[in-house]
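Dear colleague,

I am passing a structure on to you, and it is shown just below.

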Amino acid sequence: MHNATQHASTIELEQGLSEVLASPTDAGHLTAIVVRPATNERRTLDSATLTPENGIDGDRWVNDSFYSLNDGRSDPRCQVSIMNDRFLRQVASGKDDMCLAGDNLIVDLDLSEANLPAGSQINIGPDVVIEITDLMHTGCSKFAQRYGPDAKTFANNEQGTALHLRGRYAQIVRGGTIRLGDAVRKLPSKQ
């Protein structure tokens with residue numbers, strides 16, 4: 001696993017924030033699919049199958065999750081990690097470096113707390129529905145190593161946390177196959 005060759009500064013990230021804030025709130029699209037077969041391994045895909053039982057086909061979540069249940073099984077609340085395409089493009093020095101984040105689905109959609117509080121559901125493509133969970137997804141030392149300390153600090157500051165710049169965790173509600181370019185739509189709240 002390599003690191004991005006250039007790191008964005010805080011000033012550059014602040015200047016690019018307006019682009020991130022312009023992300024669609026209701027309907028966007030899927031720009032990348034990444035699976036992590038093993039630690040520090042990444043594969044980008046054109047399509048993937050998602051199931052509530054096994055997560056994303058080819059991803060290590062089912063056997064090796066960051067969060068686990070008391071019985072040792074992987075916590076389904078983190079089956080899928082999603083990240084905003086516009087922020088990721090700012091911290092990655094090129095398209096090849098985008099997979100370093102380790103997030104499964106890169107979307108052009110506003111992932112902020114205000115737009116998608118925990119419990120919100122997102123439809124991807126014709127079949128798949130995922131639900132945003134309450135688990136925190138923050139920039140860690142690997143994120144800083146790969147994209148620079150300014151990117152980690154910016155993603156984890158008060159505004160970056162409210163915007164979920166580092167991304168969100170989600171659980172698969174309804175499985176199916178997704179493809180690059182699929183529509184990503186926020187579903188009406190379940191009130």
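**Pockets and core**

The lining of the largest pocket is made up of 10 nonpolar, 7 polar and 8 charged residues, where Ala, Val, Leu, Ile, Met, Phe, Trp, Tyr, Cys and Pro count as nonpolar, Asp, Glu, Lys and Arg as charged, and the others, Gly among them, as polar. This is a predicted model, in which local features need pLDDT of at least 70 and side-chain atom pairs count only at pLDDT 80 or more, while totals for chains, interfaces and linings use all residues. Residues are numbered from 1 along each chain as its sequence is written, and side-chain values use heavy atoms, with hydrogens and water left out.

A pocket here is an open set of points on a 1 Å grid over the protein atoms alone, where a 1.4 Å probe fits, with protein on both sides within 12 Å along at least five of seven lines, and its lining residues have an atom within 4 Å of a point. Of the 25 residues that line the largest pocket, Arg-36, Arg-60, Phe-66, His-137 and Tyr-169 lie nearest its centre.

The second largest pocket has 16 lining residues, with Thr-31, Ala-32, Val-34, Thr-44 and Lys-95 nearest its centre, and its lining has 9 nonpolar, 2 polar and 5 charged residues.

Best wishes
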